Amino acid sequence: MPLLSGRFLLSGASQPSLAPQTRSADASGSRSRAARAGFFETCANPDCATGWLHPWRRRSGPVFEGGWSCSPACTRARLETALRREMDGRGTVEPAHRHRVPLGLLMLEQGWIGAGQLRQALDAQKAAGGGRLGQWLIRQQGVSEVLVTRALGLQWSCPVLPAEAYDPQSLAVVAPRLFVDAFGALPLRLAAGQLLYLGFEDRLDPVLALAIERMTGLRVEGGVVQGSHFRLAHARALKASFPPVELIEAVSEPAALHALVRAVERARPVESRLVRVRDCLWLRLWRRPQQGPLPEREGVQDLICSIGGAWI
Ligand SMILES: [Zn+2]
């Protein structure tokens, strides 16, 4: 039985690798020299016709994925490339649902439940037309929630994460509230300033984890959280103050591009990045340089754009 790691891999998706505070131009020819000079930056659009040097234009921003653009047309060109990259990447990160040992069977093999308990829980689940087996085992068969959570950890080959010392506000900047809510994710803890523990109740979501990993530059480790603890912590998470967010429904990709360009041009951010989360595009704009592993809440704003009315 293949064991899939709880650590989410990047699967070859491109990642904006430059931290907002360490941006530089492309490493080629005069651009590389310009980057070393630190100030004389050229436009990051490879097809830019003007060849403007940064200090010669009265335009301090915007910066997108580490590169300054000299005009709205160049911002548009760069965002168009990024949008194409994100849309082309659809389907490359498959949710890892395959080849998992059924939870009931796994618990039976561990000797944590008896065959009779499993049969009755499965019958109840069938009769009720659904519900998670783990919940049926807990509620109907009196199985310990700790054991069910441990089994979920084995099933997903991921750690069981504690939620006791959870501080919702400190990590509310990690992802927009919409994602925390819709994907049932809980940004739990930041370790050593570079490893983010992302908790889930009963199944990991590698798509969201990958998006957060690419957006924040942090390594994201997914894990399961004991159900009752998760629900309490998640309710608290949703009450935290998140960065300001703008939700946009675009009828088409060109309309989405238009909205993205407008947002970047309007905010003139010191950094911005674009990642796709399922059918949504997530654009984050840094209004000032990020000092630590996470931005300040007031220092960033998010834009979430659905295309063709397909929300999460
Ligand atoms: Zn340009």
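Q: How many of the 6 residues of β4 are buried?
A: In this predicted model, a residue counts as buried if 20 or more other C-beta atoms lie within 10 Å of its own. Strand β4 is mostly covered by that criterion. The number of its 6 residues that are buried is 5.

Q: In β4, which residue is the bridge partner of L186?
A: Strands of a sheet pair through backbone hydrogen bonds, either parallel or antiparallel. Here β3 and β4 run antiparallel and are joined by 6 bridges. Within this pairing, R189 stands opposite Y197 in β4. For L186, the bridge partner in β4 is G199.

Q: How many residues of β3 are buried?
A: Strand β3 covers residues 185–191. Like β4, which is mostly covered, β3 is described as mostly covered. Of its 7 residues, the number buried is 5.

Q: Which residue in the turn of the hairpin formed by β3 and β4 has a positive phi?
A: The two strands of this hairpin have 3 residues between them. The residue in question lies in the loop between β3 (185–191) and β4 (195–200).

Q: Is E65 buried, exposed or partly exposed?
A: E65 also has a positive phi, of about 45°, although it is not a glycine. Its place is in the loop between β1 (63–64) and β2 (67–68). The limits are 20 or more other C-beta atoms within 10 Å for a buried residue and 12 or fewer for an exposed one. With 19 such atoms within 10 Å, E65 is partly exposed.

Q: What is the handedness of the β-α-β unit made by β4, α8 and β5?
A: Strand β4 pairs with β5 (residues 219–224) in the parallel sense, over 6 bridges. Together with helix α8, the two strands make a β-α-β unit that is right-handed.

Q: In what order do the 4 strands of the open sheet with mixed pairing lie?
A: The edge strands are β6 (245–250) and β7 (271–277), and each pairs on one side only. Neighbouring strands of this sheet are turned by 20° against each other on average, direction ignored. Strand β6 is joined to β9 (residues 300–307) by 6 bridges, and these two run parallel; A250 stands opposite I307 in β9. The order of the strands is β6-β9-β8-β7.

Q: Which strands of the sheet does helix α8 touch?
A: Helix α2 (residues 72–88) packs on the sheet, and its direction makes about 25° with that of β7. Helix α8 (residues 206–216) packs on the sheet as well, with a direction that makes about 170° with that of β7. The strands touched by α8 are β7 and β8.

Q: Why is α3 described as roughly perpendicular to α6?
A: Two packed helices are described by the angle between their axes and the distance between the axes. The axes of α3 (residues 103–110) and α6 (residues 145–156) come within 10 Å and cross at roughly 110°. Because angles of 65 to 115 degrees count as roughly perpendicular, α3 is roughly perpendicular to α6.

Q: How many charged residues has the contact of α3 with α6?
A: From α3, L103, L106, M107 and Q110 meet A151, L152, L154 and Q155 in α6. By class, the contact has 6 nonpolar and 2 polar residues. The number of charged residues is none: no charged residues.

Q: What distance separates the C-alpha atoms of A172 and A237?
A: A172 lies in the loop between α6 and α7 (177–182), and it counts as buried with 21 C-beta neighbours inside 10 Å. Leaving aside its neighbours within four places in sequence, A172 is in contact with A240, S241, F242 and R297. A172 and A237 are 65 residues apart along the chain, and their C-alpha atoms are separated by 7.2 Å.

Methods
Residues are numbered from 1 along each chain as its sequence is written. This is a predicted model: local features need pLDDT of at least 70, side-chain atom pairs count only at pLDDT 80 or more; totals for chains, interfaces and linings use all residues. Two strands pair if DSSP finds at least two bridges between them. Axes are lines fitted to C-alpha atoms, for helices over the stretch in contact, and angles run from 0 to 180 degrees between N-to-C directions. Two residues are in contact if their C-beta atoms, placed from the backbone, lie within 7 Å. Angles under 35 degrees count as roughly parallel, over 145 as roughly antiparallel, 65 to 115 as roughly perpendicular and the rest as oblique. Ala, Val, Leu, Ile, Met, Phe, Trp, Tyr, Cys and Pro count as nonpolar, Asp, Glu, Lys and Arg as charged, and the others, Gly among them, as polar. A crossover is right-handed if, with the strands pointing away from the viewer, the path from the first strand over the helix to the second runs clockwise.
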